[in-house]
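Please look through the following structure with its chain and ligand in view.

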Amino acid sequence: MPLAAVSPFSTRADLAALAGRSLPLRCRPVSGAEELLIHFQIREAIFVHEQGLFRVSDRDARDDASATVHVLGLKGPVAGGTVRLYPLEERGLWKGDRLAVLPEFRASGLGAELVRFAVRTAARHGGRTMIAHVQIPNVRFFQLLGWERVGEPVEYVGRPHQEMAIDLRPRRSRENG
Ligand SMILES: CC(C)(COP(=O)(O)OP(=O)(O)OC[C@H]1O[C@@H](n2cnc3c(N)ncnc32)[C@H](O)[C@@H]1OP(=O)(O)O)[C@@H](O)C(=O)NCCC(=O)NCCS
(Lines give C-alpha, C1' and ligand atoms only; values in the text may rest on other atoms or scores of the structure.)
Protein backbone atom coordinates (compact mmCIF):
# COMPACT_ATOMS: atom_id res chain seq x y z
CA MET A 1 0.00 0.00 0.00
CA PRO A 2 1.68 3.29 -1.06
CA LEU A 3 1.93 6.22 1.36
CA ALA A 4 -1.15 8.40 0.94
CA ALA A 5 -0.65 11.39 -1.34
CA VAL A 6 -0.74 14.80 0.35
CA SER A 7 -3.26 17.18 -1.18
CA PRO A 8 -1.70 20.33 -2.70
CA PHE A 9 -4.80 22.18 -1.51
CA SER A 10 -4.16 21.38 2.15
CA THR A 11 -0.69 22.99 2.02
CA ARG A 12 -1.48 25.93 -0.25
CA ALA A 13 0.47 28.51 1.81
CA ASP A 14 3.91 27.01 1.30
CA LEU A 15 3.14 25.14 -1.91
CA ALA A 16 5.56 27.17 -4.02
CA ALA A 17 8.41 26.54 -1.57
CA LEU A 18 7.54 22.86 -1.43
CA ALA A 19 7.23 22.53 -5.19
CA GLY A 20 10.60 24.27 -5.61
CA ARG A 21 12.48 21.70 -3.54
CA SER A 22 14.29 18.95 -5.37
CA LEU A 23 12.15 16.03 -4.31
CA PRO A 24 11.72 12.83 -6.35
CA LEU A 25 8.96 12.72 -8.97
CA ARG A 26 6.70 9.70 -9.11
CA CYS A 27 3.48 8.78 -10.86
CA ARG A 28 0.95 6.16 -9.82
CA PRO A 29 -2.74 5.36 -10.10
CA VAL A 30 -4.85 6.90 -7.35
CA SER A 31 -5.40 4.69 -4.36
CA GLY A 32 -8.81 5.13 -2.76
CA ALA A 33 -11.53 7.75 -2.72
CA GLU A 34 -9.48 10.53 -1.10
CA GLU A 35 -6.77 10.40 -3.75
CA LEU A 36 -9.39 10.26 -6.51
CA LEU A 37 -10.82 13.47 -5.05
CA ILE A 38 -7.35 15.11 -5.14
CA HIS A 39 -7.03 14.01 -8.79
CA PHE A 40 -10.40 15.64 -9.59
CA GLN A 41 -9.50 18.82 -7.67
CA ILE A 42 -6.25 19.28 -9.61
CA ARG A 43 -8.09 18.80 -12.92
CA GLU A 44 -10.73 21.30 -11.85
CA ALA A 45 -8.07 23.85 -10.85
CA ILE A 46 -6.54 23.66 -14.33
CA PHE A 47 -9.35 22.90 -16.78
CA VAL A 48 -12.17 24.86 -15.10
CA HIS A 49 -10.43 27.71 -13.26
CA GLU A 50 -7.14 28.27 -15.12
CA GLN A 51 -8.10 27.45 -18.68
CA GLY A 52 -11.90 27.84 -18.61
CA LEU A 53 -12.20 24.83 -20.89
CA PHE A 54 -15.17 23.54 -18.86
CA ARG A 55 -17.64 25.78 -17.04
CA VAL A 56 -18.36 23.76 -13.92
CA SER A 57 -16.59 20.42 -14.03
CA ASP A 58 -14.43 18.45 -16.44
CA ARG A 59 -15.67 15.11 -15.14
CA ASP A 60 -17.51 12.86 -17.59
CA ALA A 61 -18.72 9.30 -18.05
CA ARG A 62 -15.14 8.07 -18.57
CA ASP A 63 -14.49 8.83 -14.92
CA ASP A 64 -17.11 6.26 -13.91
CA ALA A 65 -15.83 3.48 -16.17
CA SER A 66 -14.00 0.71 -14.35
CA ALA A 67 -11.29 0.47 -17.05
CA THR A 68 -10.28 4.11 -16.64
CA VAL A 69 -6.99 4.72 -14.85
CA HIS A 70 -6.76 7.95 -12.84
CA VAL A 71 -3.15 8.91 -12.23
CA LEU A 72 -1.50 11.30 -9.78
CA GLY A 73 1.91 12.85 -10.37
CA LEU A 74 3.73 13.38 -7.07
CA LYS A 75 6.64 15.53 -6.05
CA GLY A 76 7.82 13.97 -2.83
CA PRO A 77 4.56 13.26 -0.99
CA VAL A 78 2.53 16.05 -2.59
CA ALA A 79 0.27 15.56 -5.59
CA GLY A 80 1.04 18.15 -8.29
CA GLY A 81 -0.42 16.71 -11.49
CA THR A 82 -2.81 14.31 -13.15
CA VAL A 83 -3.43 12.26 -16.25
CA ARG A 84 -6.29 9.91 -17.14
CA LEU A 85 -6.23 6.97 -19.56
CA TYR A 86 -8.72 4.44 -20.86
CA PRO A 87 -9.21 1.88 -23.63
CA LEU A 88 -11.39 2.87 -26.60
CA GLU A 89 -13.74 0.50 -28.39
CA GLU A 90 -11.20 -0.47 -31.05
CA ARG A 91 -9.06 -3.29 -29.70
CA GLY A 92 -5.60 -2.14 -28.58
CA LEU A 93 -6.45 1.56 -28.87
CA TRP A 94 -6.02 3.69 -25.73
CA LYS A 95 -6.62 7.35 -25.12
CA GLY A 96 -4.95 9.68 -22.65
CA ASP A 97 -6.38 13.01 -21.50
CA ARG A 98 -6.69 15.42 -18.54
CA LEU A 99 -2.92 15.92 -18.38
CA ALA A 100 -2.52 18.74 -15.87
CA VAL A 101 0.33 20.04 -13.75
CA LEU A 102 -0.37 22.77 -11.17
CA PRO A 103 1.54 25.98 -11.99
CA GLU A 104 3.82 25.64 -8.93
CA PHE A 105 4.97 22.21 -10.12
CA ARG A 106 5.60 23.03 -13.78
CA ALA A 107 8.96 22.93 -15.54
CA SER A 108 10.35 20.29 -13.18
CA GLY A 109 9.68 17.27 -15.37
CA LEU A 110 6.36 16.17 -13.82
CA GLY A 111 4.33 16.61 -17.03
CA ALA A 112 6.77 14.46 -19.00
CA GLU A 113 6.73 11.81 -16.24
CA LEU A 114 2.93 11.72 -16.36
CA VAL A 115 2.88 11.23 -20.14
CA ARG A 116 5.54 8.49 -19.97
CA PHE A 117 3.65 6.78 -17.15
CA ALA A 118 0.40 6.85 -19.15
CA VAL A 119 2.19 5.32 -22.15
CA ARG A 120 3.80 2.57 -20.05
CA THR A 121 0.51 1.80 -18.32
CA ALA A 122 -1.46 1.51 -21.58
CA ALA A 123 1.28 -0.74 -23.01
CA ARG A 124 1.18 -2.92 -19.88
CA HIS A 125 -2.56 -3.34 -20.39
CA GLY A 126 -1.88 -4.70 -23.88
CA GLY A 127 -2.44 -1.46 -25.81
CA ARG A 128 -0.96 -1.13 -29.31
CA THR A 129 -1.54 2.57 -29.91
CA MET A 130 -2.32 5.51 -27.68
CA ILE A 131 -3.92 8.72 -28.90
CA ALA A 132 -4.51 12.14 -27.35
CA HIS A 133 -6.14 15.40 -28.40
CA VAL A 134 -3.46 17.91 -27.60
CA GLN A 135 -3.79 21.67 -27.23
CA ILE A 136 -1.84 23.31 -30.05
CA PRO A 137 0.79 24.98 -27.78
CA ASN A 138 1.61 21.53 -26.37
CA VAL A 139 2.19 19.73 -29.67
CA ARG A 140 5.96 20.23 -29.42
CA PHE A 141 5.96 18.90 -25.84
CA PHE A 142 4.35 15.66 -27.03
CA GLN A 143 6.66 15.43 -30.05
CA LEU A 144 9.64 15.63 -27.67
CA LEU A 145 8.16 12.57 -25.93
CA GLY A 146 7.93 10.58 -29.18
CA TRP A 147 4.34 11.30 -30.22
CA GLU A 148 3.37 12.08 -33.82
CA ARG A 149 0.67 14.28 -35.31
CA VAL A 150 -2.36 12.55 -36.88
CA GLY A 151 -4.11 14.66 -39.53
CA GLU A 152 -5.07 18.30 -39.15
CA PRO A 153 -6.17 20.13 -35.98
CA VAL A 154 -9.80 19.56 -34.96
CA GLU A 155 -12.23 21.33 -32.64
CA TYR A 156 -12.37 19.56 -29.28
CA VAL A 157 -14.20 20.96 -26.22
CA GLY A 158 -14.54 24.19 -28.19
CA ARG A 159 -10.83 24.78 -28.90
CA PRO A 160 -8.45 23.62 -31.63
CA HIS A 161 -6.64 20.45 -30.70
CA GLN A 162 -4.19 18.26 -32.58
CA GLU A 163 -4.73 14.52 -32.52
CA MET A 164 -1.45 12.79 -31.72
CA ALA A 165 -0.49 9.15 -31.40
CA ILE A 166 2.28 6.93 -30.13
CA ASP A 167 2.99 3.27 -30.91
CA LEU A 168 2.93 1.30 -27.65
CA ARG A 169 4.42 -1.93 -28.95
CA PRO A 170 8.02 -2.84 -28.19
CA ARG A 171 10.32 -1.89 -31.08
CA ARG A 172 10.98 -5.55 -32.04
CA SER A 173 7.31 -6.47 -32.51
CA ARG A 174 6.76 -3.20 -34.41
CA GLU A 175 9.50 -4.11 -36.87
CA ASN A 176 7.94 -7.56 -37.37
CA GLY A 177 4.64 -5.87 -38.24
C1 LIG B 1 1.67 21.04 -20.54
C2 LIG B 1 2.07 20.69 -19.12
C3 LIG B 1 1.40 19.39 -18.69
C4 LIG B 1 3.61 20.52 -19.07
O5 LIG B 1 3.95 20.09 -17.76
P6 LIG B 1 5.39 20.43 -17.08
O7 LIG B 1 5.47 19.66 -15.84
O8 LIG B 1 5.56 21.90 -16.99
O9 LIG B 1 6.37 19.89 -18.21
P10 LIG B 1 7.84 19.27 -17.96
O11 LIG B 1 8.52 20.04 -16.90
O12 LIG B 1 7.72 17.81 -17.75
O13 LIG B 1 8.50 19.53 -19.37
C14 LIG B 1 9.37 18.59 -19.98
C15 LIG B 1 10.09 19.26 -21.12
O16 LIG B 1 9.13 19.73 -22.08
C17 LIG B 1 9.26 21.14 -22.27
N18 LIG B 1 7.92 21.69 -22.41
C19 LIG B 1 6.97 21.80 -21.46
N20 LIG B 1 5.84 22.34 -21.98
C21 LIG B 1 6.13 22.58 -23.28
C22 LIG B 1 5.38 23.13 -24.36
N23 LIG B 1 4.10 23.52 -24.20
N24 LIG B 1 5.98 23.22 -25.57
C25 LIG B 1 7.27 22.81 -25.75
N26 LIG B 1 8.01 22.28 -24.77
C27 LIG B 1 7.45 22.17 -23.56
C28 LIG B 1 9.94 21.63 -21.02
O29 LIG B 1 10.64 22.83 -21.26
C30 LIG B 1 10.86 20.49 -20.70
O31 LIG B 1 12.01 20.55 -21.52
P32 LIG B 1 13.47 20.12 -20.97
O33 LIG B 1 13.36 18.65 -20.67
O34 LIG B 1 14.37 20.45 -22.08
O35 LIG B 1 13.67 20.93 -19.73
C36 LIG B 1 1.70 21.86 -18.13
O37 LIG B 1 2.24 23.07 -18.63
C38 LIG B 1 0.21 22.05 -17.90
O39 LIG B 1 -0.39 21.35 -17.09
N40 LIG B 1 -0.41 23.01 -18.60
C41 LIG B 1 -1.82 23.33 -18.40
C42 LIG B 1 -2.74 22.21 -18.80
C43 LIG B 1 -2.47 21.68 -20.18
O44 LIG B 1 -2.19 22.45 -21.10
N45 LIG B 1 -2.59 20.36 -20.31
C46 LIG B 1 -2.25 19.68 -21.53
C47 LIG B 1 -3.42 19.60 -22.41
S48 LIG B 1 -2.94 18.97 -23.99
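In helix 3, the buried residues are Leu110, Gly111, Glu113, Leu114, Val115, Phe117, Ala118, Val119, Thr121 and Ala122, where buried means that 20 or more other C-beta atoms, placed from the backbone, lie within 10 Å of a residue's own, exposed means 12 or fewer, and partly exposed means in between. The model is predicted, so that local features need pLDDT of at least 70 and side-chain atom pairs count only at pLDDT 80 or more, while totals for chains, interfaces and linings use all residues. Residues are numbered from 1 along each chain as its sequence is written.

**Helix 3 and its surroundings**

- Helices (H or I, at least four residues) and strands (E, at least two) are DSSP runs numbered from the N terminus, and helix 3 has 15 residues.
- From its first C-alpha to its last, helix 3 reaches 21 Å, close to the 21 Å expected at 1.5 Å a residue, the expected span being 1.5 Å times one less than the number of residues.
- The buried residues of helix 3 pack against strand 1, strand 2, strand 3, strand 4, strand 5 and strand 8, with contact taken as C-beta atoms, placed from the backbone, within 7 Å.
- After helix 3 comes Gly126, which has a positive phi near 90°.

- Beyond its neighbours within four places in sequence, Leu72 is in contact with residues including Ala5, Cys27, Val30, Ile38, Ala79 and Thr82.

**Strand 4 and its partners**

- Because eight of its nine residues are buried, strand 4 is largely enclosed by the rest of the structure.
- Strand 3 and strand 4 run antiparallel and are joined by six bridges, two strands being paired if DSSP finds at least two bridges between them.
- These two strands form a hairpin with five residues between them, and Gly92 in the turn has a positive phi of about 85°.
- Strand 4 also pairs with strand 5, in the parallel sense and over three bridges, and the bridge partner of Leu93 in strand 5 is Thr129.
- Arg98, which lies in strand 4, has a positive phi of about 55° although it is not a glycine, and this arginine is buried, with 23 other C-beta atoms within 10 Å.

**The ligand shell**

- The ligand is surrounded by 18 residues, of which Val101, Arg106, Gly111, Ala112 and Phe141 are the closest, a residue being near a molecule if its C-beta atom, placed from the backbone, lies within 6 Å of it.
- Strand 4 (93–101), helix 3 (110–124), strand 5 (129–135) and helix 4 (139–144) are the elements that give two or more residues to this shell.
- The shell divides into 11 nonpolar, five polar and two charged residues, where Ala, Val, Leu, Ile, Met, Phe, Trp, Tyr, Cys and Pro count as nonpolar, Asp, Glu, Lys and Arg as charged, and the others, Gly among them, as polar.

**Loop positions**

- Arg55, in the loop between helix 2 and strand 2, counts as exposed because it has 7 C-beta neighbours inside 10 Å.
- Val157, in the loop between strand 7 (154–156) and strand 8, has a positive phi near 40° and counts as partly exposed, with 13 C-beta neighbours inside 10 Å.

Terms used. Contact = placed C-beta atoms within 7 Å.
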